[in-house]
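Dear colleague,

Please find the structure below, handed over for your own work.

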Amino acid sequence: MLKFWRNNYRVIIYLFTFASVWVGLVMTAKLRINASAATKGLYDALENLPETHAAMIREDEEKLKKLLGDEKADPKAITALEERISRSKINTNGVVLLNINYNPGSEAELTPMSQAVCRHAFRRGAKLLINVGYDVMSQPLAQKIISDAALDGRSVDPPYPFRESGVDYLFFGFRPNAFQVYLQMGESITAAYETDYSGRDTSSMPIMRGIKDFSDIDLVVTVSSFVGGPEMWINVGKTKFGKPVASGMTAVSASDYYPYLQSGQLCGLLSGLRGAAEYEALVGVNPAPATRRMWAQLYIHTFAILLIIIGNIEYLFRTKK
Amino acid sequence: MGPDTFIDLIGVWIAALLTLGVYSSLIKDTFISKLTEAVFVGVSFGMSIVFTYYNGIKPKIEEPLVRYYQNLHVDYATVTNAVTESMAKIADAETVKLSEGDSAVVDNIPGSTVFDTNRFFAVLDSALYKQTLKLQSTNDVAVSLQSAFASSEINLKSKDAVMGALNEYFKSYKTVPTSRHFWVLYIFISVLLGLMFITRFFPKHAWLSRFPMAYTIGIGVGMGTPLSFQSQIMQQVQASFIPMLVRNSGGIDWLATFGNLSLVIGTLTVLYYFFFSFKKEDAASRGATKIGIAYLMIGFGASFAFTIMARVSLLIGRINFLQDEWIQGTYEFFKYLK
């Protein structure tokens, strides 16, 4: 028996691994998923976006009052603030910037969370800007995610109507030298992205009427599989422009980013498939691809724990002899 | 989720066979597994080149240069006529009918602000000096002006004031501003720097590639360092200054206190473990080092567990694809075909 195991253990492990995943995928029973505080951080930030946006307008109006009362105030600063307030009043439900920065290798983990975030933003009536990070391969993935979410509003409860490109959302596509592009967004978004992914002029699009630069963005969500991707947004989005930043990432790199959550530099963190399933549960996405895959995660993890125990017992027997 | 068209079906089958090809390396390296690896690398690289051209070189270099050349040779009168016509239409749409005898002074109109000529000029600049604007096209000029004025808050309620200001604007208007000539020079220098990278293929001239390399690294370090220092050092250090005893309305919050204590002890002992300037021979030093190692092991354990979870997620994704899109999708495609 032991000899058979030693000769064929690789094939046996592969077969059991495959079986665990397959059985998990055909399971239809509902799995209860409790959202962690990290996941709830992003959910709350998006859920409360209209209130946050209204508070920002009130704050700007207070600043304007003070400036108007100050004789020494710079007229240019007053004009800039007046323009910003009038822009902010166009998008009352807030503006979300979704950065998609992963390649097909991480699609299984990160696409469900990107889709859930898009659907949540659309349901809340937020305007959605989507750009792509360092990897050009993100572009076709992002394009599919956003068009699926815009077309199918019935997969969340309550549903939302069809969302139109250029009006409700805008997909900029890929640009080389992402860091410089992100910084340029602080001056003018239409200068950083003169055209959208399909080559249309962005400045003439209705969505851009209320959006000029980074100050008009209320929340940044970056979904990244690359180490350094979220840091870049923490540097640009949070540190430079003072906007709340949340991140979704593969489970491999998730543990590196918890310190940013603790320091408040990230307002939310979705880690791997588990984070995606938690977010789907909070938003009420149905069908929920990540939640469906959690049964398979459960079985395969149980199998992995069993293997560790068996391996240890076998090691004990071997060393005892 | 399955294939809708025959082309989709072919795509799904190719993806499924390539997936199985990759997994065949679990048994042993075969021609198929090597082929799938080569296809993956080739397709990724090929796509990268195409996407970089269409999203970087074309909109940022090729198209603006073509527009620059075209706008340099455009007839000045054609452009000013198109602008005048478009502005008249925009002003007509917003003009308030003034009764006879009223002056066309805009600040007399209720709810309006004084006509700001400087802002009007700035909006005209932003509409007419866009790098992508084709000045020969009357329609493009009209669309650009309309969108620029629609997003500005400028009062256009008096056509006389608007047209007067426009005539003033034309006195100094050029189809291509002087700054654009410098911009073209900057583009040429940038392209030249980019091309210098290619000199690495020619050992005799490879030293030239050091210039763009130095430029790129310099820009990256210059732009990134201050922000990284602030967010990855200053703010992280600031976040570790936390109260050792957390109180809430009911007294001491023991859980939060334990968490904060654990964080401070962990930070200090791990830092101490990596401090190699002197020998750690006394009991206190050895104890602190052991605690530091324990924290590191817990951290590595969490990372390793997350890694397994991530790899398993990828496997689940692939098996999900094989089950839903390949097997079930193909079955349903042919079922509906009947």
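Of the 321 residues of chain A, 47% count as buried; a residue is buried if 20 or more other C-beta atoms lie within 10 Å of its own, exposed if 12 or fewer, and partly exposed in between, with C-beta atoms placed from the backbone. This is a predicted model, in which local features need pLDDT of at least 70 and side-chain atom pairs count only at pLDDT 80 or more, while totals for chains, interfaces and linings use all residues. Residues are numbered from 1 along each chain as its sequence is written, and chains are lettered from A and ligands numbered from 1 in the order in which they are written.

The secondary structure of chain A comprises 13 helices and six strands; these are DSSP runs numbered from the N terminus, helices being H or I with at least four residues and strands E with at least two. Along the principal axes, the C-alpha atoms of chain A fill a box of roughly 90 × 40 × 35 Å.

Strand β5 (residues 245-249) of chain A is mostly covered, as five of its five residues are buried. Val245(A), Ser247(A) and Met249(A) point one way from β5(A), whereas Ala246(A) and Gly248(A) point the other way. In a regular strand, side chains alternate between the two faces of the sheet.

β5(A) has parallel partners, where pairing requires that DSSP finds at least two bridges between two strands. Strand β4 (residues 219-224) of chain A is joined to β5(A) by five bridges, and Val223(A) has Gly248(A) as its bridge partner. Strand β6 (residues 268-271) of chain A pairs with β5(A) over four bridges; here Ala246(A) stands opposite Gly268(A).

Turning to the contact between the chains, 47 residues of chain A are in contact with 43 residues of chain B, a contact being two residues whose C-beta atoms, placed from the backbone, lie within 7 Å. Helix α9 (residues 229-240) of chain A gives the most to the side of chain A that touches chain B, with six residues.

One further residue may be of interest. Lys65(A) lies in helix α3 (residues 49-69) of chain A, and Lys65(A) counts as exposed because it has 10 C-beta neighbours inside 10 Å. The C-alpha atoms of Lys65(A) and Ile78(A), 13 residues apart along the chain, are separated by 9.5 Å.

With kind regards
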